[in-house]
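Colleague: I am new to this model and would like a close look at a single part, the sheet. Please take me through how it is put together and what lies against it.

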Amino acid sequence: MSRAFIFPGQGSQAVGMGAGLAQDHAAARAVFAEVDEALGQNLSRLMFEGPADDLTLTANAQPALMAASLAALRVLEAERGLDLARDVAFVAGHSLGEYSALAAAGALTLADTARLLRLRGEAMQRAVPVGTGAMAALLGLDVEAAEEIAGEAEQGEVCDVANDNGAGQVVVSGHRAAVERAVALAQGRGAKRAVMLNVSAPFHCALMRPAAETMRAALDQVEIVAASVPVVANVLAAPIREPAAIRDALVRQVTGTVRWRECVTAMAHAGVDAFTEIGTGKVLAGLVKRTAPGATAASIGTPADIAAFSL
């Protein structure tokens with residue numbers, strides 16, 4: 001069996017995330033304590049107890065999801081004998097989950113990852129005035145059809161493909177009026193559904209350039225080392241390991257398309273037949289089942305999941 005570990009992105013957060021791990025496992029408590037200290041905030045209490053509105057804020061949700069993923073991973077290492085470099089062929093993460101994957105592979109320290117994700121969340125929120133941008137899911141269309149629709153909808157504004165999640169799930173992002181035009185076009189082009197998303201900013205589009213520059217400056221100040229496991233980058237749908245490539249991919253990711261379908265397909269073509277989602281939720285495992293139907297997909301985020309895990 002060839003295994004990949006995959007790490008969830010924004011939208012998977014939920015009040016109570018990580019609480020069971022913290023209660024049962026010292027390795028998880030150590031992760032949450034380190035993240036809290038790095039941020040100067042009791043983020044773990046917000047994760048465990050809410051309120052949900054505060055947890056959902058981008059600047060909180062991003063480091064919280066990473067912390068939950070790394071807590072689960074550290075428990076697997078401490079108590080189930082996992083050796084990532086030995087047991088896992090690739091790691092990958094959806095959007096912010098790419099930072100979790102890099103921390104898992106040792107390219108970034110846990111504390112630096114938490115601080116970078118806090119900054120990333122704040123920078124993405126600041127990049128576009130509230131109400132200016134929007135995102136929409138075009139369901140039942142492939143990425144080529146979505147790109148054509150986005151191009152027609154632009155009309156001098158920004159409308160980019162933000163996520164190619166697979167299984168006919170494509171997300172567009174940009175100026176609100178342009179995204180609304182894309183929704184109207186998609187409804188006449190065979191989309192099963194085309195719906196505006198309840199998001200706080202238009203992520204992964206050209207409007208995020210100010211946030212990309214913020215992240216470029218921040219990443220230049222952080223030590224990045226070679227990853228112990230190849231990391232399949234969102235914007236490349238190909239594995240990288242070296243610090244320069246990692247920096248470049250993380251900057252490009254802010255404005256670029258999350259090519260998740262291609263990432264999963266590339267890992268499957270490289271021989272991966274078991275995908276394990278590490279952290280909160282089961283969104284990525286569900287997408288894997290539809291994108292690489294010959295592979296197994298499971299999720300690990302609770303003490304019961306840890307106990308059931310076997311190499």
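Modeller: Two strands count as paired if DSSP finds at least two bridges between them. The model is a predicted one. By that rule, four strands make up an open sheet, and their order across it is E4-E5-E3-E6. The pairing is antiparallel. Strand E4 (159-166) and strand E6 (193-196) are the edge strands, since each of them pairs on one side only. On average, neighbouring strands in this sheet are turned by 20 degrees against each other, with direction ignored.

One pairing can be followed in detail. E4 and strand E5, residues 169-175, are joined over six bridges in the antiparallel sense. Within this pair, Asn-163 stands opposite Val-171 in E5. Helix H10, residues 176-187, packs on the sheet. The strands that H10 touches are E3 (133-139), E4, E5 and E6. The direction of H10 makes about 145 degrees with that of E5.

For the surroundings, turn to the nonpolar core. The largest one has 82 residues, and Val-35 is among those with the most contacts inside it, as are Phe-5 and Met-208. Helix H5, residues 58-79, gives the most to this core, with eleven residues. Leaving aside neighbours within four places in sequence, Val-35 is in contact with Leu-43, Met-66, Ala-67, Leu-110 and Ala-114.

Asp-112 is placed in helix H8, which covers residues 110-126. Asp-112 counts as buried because its relative accessibility is 16%, and the limit for buried is under 20%. Its side chain makes a polar contact of 3.0 Å with the side chain of Arg-115.

How values were computed. Residues are numbered from 1 along each chain as its sequence is written. This is a predicted model: local features need pLDDT of at least 70, side-chain atom pairs count only at pLDDT 80 or more; totals for chains, interfaces and linings use all residues. Side-chain values use heavy atoms; hydrogens and water are left out. Helices (H or I, at least four residues) and strands (E, at least two) are DSSP runs, numbered from the N terminus. Buried means under 20% relative accessible area, exposed over 50%, partly exposed in between (1.4 Å probe, protein chains only). A polar contact is a pair of N or O atoms within 3.5 Å; within protein, one must be able to donate a hydrogen and the other to accept it, and residues adjacent in sequence count only if both atoms are side-chain atoms. Axes are lines fitted to C-alpha atoms, for helices over the stretch in contact, and angles run from 0 to 180 degrees between N-to-C directions. Contact means heavy atoms within 4.5 Å. A nonpolar core is a set of buried Ala, Val, Leu, Ile, Met, Phe, Trp, Tyr and Cys residues joined through side-chain atoms within 4.5 Å.
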